[in-house]
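Here is a friendly briefing for anyone about to open this model in a viewer. Have the sequence and the coordinates side by side as you read.

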Amino acid sequence: MQWGSLTEFFAMGGYGLYVWTSFGATALCLVGEVLAVWRRHVSAVAGSRGVS
Amino acid sequence: MGLAHSNWFKYSSPQAFYPLAGRMIPWFAAAALVLIGVGLYIGFFVAPTDFQQGESYRIIFVHVPAAWMSMFLYVIMAIWAGLGLGLNARPSFMMTQAIAPTGAMFTFLALLTGAMWGKPTWGAWWVWDARLTSELILLFQYIGLILLRASIDDLRRADRASAVFALVGVVNVPIIYFSVRWWNTLHQGASVSMTASPKMATTMVTAMLVMMLGFWMYSIAVTLARMRCVILERERQPSWGKQASVQDMAEAR
């Protein structure tokens, strides 16, 4: 492991902005998609009950 | 027509697929969580600092897996589209519909993380280079596919039109892949290839491959979940006919 401290870890050798934006955006997209599909499923279930 | 054939058709019916997918989703989701967790750990705590790019290279652990998924998912989507057109099979069209948004998301992520990597290494967020431009076109293809489907009210026509669109567009995938060889590009060549040994440290390659496996499992889980939504939504369409509802069947089990 090459990190001496937490600050060093977040700084990413000066590239923190780029690295954390990349990983943060990826995490947001994945979690957001899961939530979107989950909500879509809830409303699809409600819709299919309403008709039949 | 053997036994295997009849089994395949059994699970290709939406009524059988719906509960089966429901049972598979937690496993793929758990595998995705574990793999992405392990990949992040190796990527941030085991893999060494790159001697040329410093820590910025760590973007590779999301950039390359996302870019690969954007292409893999397009090819898989196009195969389902082709199967749908060839066999006139509705579940195949539904798979095409279920995969597209996830493919679009990974394409967007590949472009975004690429910009985040391009700025510190090339000094530019974006260049009109063959690799970047063809990947941007892939994003437009995904978006076009989703909009095309949404713009056609008749389901059968929407299915066929978007399947043709997906099939024609698959030509862009080899263009993206080979763009770094065919043209002089700023984008670096393949980091990992089947024929040559990797140009990176083993731990870097391991982290990247584990992340990619995690993204695969994620994509399968989310596609199955969206497939279930599509099945329920289409059930409401009058063309479905008077069959027992999928939800009823699932609850009866």
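This is a predicted model: local features need pLDDT of at least 70, side-chain atom pairs count only at pLDDT 80 or more; totals for chains, interfaces and linings use all residues.

Residues are numbered from 1 along each chain as its sequence is written, and chains are lettered from A and ligands numbered from 1 in the order in which they are written. Chain B has nine helices and zero strands, and chain A has two helices and zero strands. Helices (H or I, at least four residues) and strands (E, at least two) are DSSP runs, numbered from the N terminus.

**The two chains**

- Chain B reads α-α-α-α-α-α-α-α-α along its sequence.
- Of the 253 residues in chain B, 39% are buried; a residue is buried if 20 or more other C-beta atoms lie within 10 Å of its own, exposed if 12 or fewer, and partly exposed in between, with C-beta atoms placed from the backbone.
- If you take the contacts in chain B between residues at least 6 apart in sequence, 77% of them join residues at least 24 apart; two residues are in contact if their C-beta atoms, placed from the backbone, lie within 7 Å.
- Chain A has 52 residues, and 19% of them count as buried.
- The radius of gyration of chain A is 20 Å, whereas a compact globule of 52 residues would have one near 10 Å; the radius is taken over C-alpha atoms, and the globule rule is 2.2 Å times the number of residues to the power 0.38.
- The C-alpha trace of chain A spans about 60 × 20 × 15 Å along its principal axes.

**Where the chains meet**

- Chain B gives 32 residues to the contact and chain A gives 26 residues.
- On the side of chain B that touches chain A, the elements giving two or more residues are H3, helix H4 (90–122) and helix H8 (202–235).
- That side of chain B has 16 nonpolar, eight polar and eight charged residues; Ala, Val, Leu, Ile, Met, Phe, Trp, Tyr, Cys and Pro count as nonpolar, Asp, Glu, Lys and Arg as charged, and the others, Gly among them, as polar.

**Helix packing around H7(B)**

- Helix H3 (residues 60–87) of chain B packs on helix H7 (residues 172–182) of chain B at an angle of about 155°, with the axes 10 Å apart; axes are lines fitted to C-alpha atoms, for helices over the stretch in contact, and angles run from 0 to 180 degrees between N-to-C directions.
- This angle makes H3(B) roughly antiparallel to H7(B); angles under 35 degrees count as roughly parallel, over 145 as roughly antiparallel, 65 to 115 as roughly perpendicular and the rest as oblique.
- Met71(B), Tyr74(B) and Val75(B) of H3(B) meet Val173(B), Ile176(B) and Tyr177(B) of H7(B), a set with six nonpolar, no polar and no charged residues.
- Helix H5 (residues 130–151) of chain B also packs on H7(B), at an angle of about 160° and with the axes 8 Å apart, so H5(B) and H7(B) are roughly antiparallel.
- The contact of H5(B) with H7(B) includes Leu138(B) of H5(B) and Ile176(B) of H7(B), and its residues divide into six nonpolar, four polar and two charged.

**Two residues of H4(B)**

- Ala110(B) is found in helix H4 of chain B and is buried, with 27 other C-beta atoms within 10 Å.
- Beyond residues up to four places away in sequence, Ala110(B) touches His63(B), Ala66(B), Ala67(B), Ser70(B) and Glu135(B).
- Thr96(B) is also in helix H4 of chain B, and counts as buried with 27 C-beta neighbours inside 10 Å.
- Contacts of Thr96(B), leaving aside neighbours within four places in sequence, include Trp80(B), Gly84(B) and Ala163(B).

**Positive phi**

- Most residues other than glycine have a negative phi.
- Met12(A) has a positive phi of about 50°; Met12(A) lies in the loop between helix H1 (6–11) and helix H2 (16–51) of chain A.
- Is Met12(A) buried or exposed? Met12(A) counts as buried, with 21 C-beta neighbours inside 10 Å.
- Asn88(B) has a positive phi near 55° and lies in the loop between H3 and H4 of chain B.
- Asn88(B) is exposed, with 12 other C-beta atoms within 10 Å.
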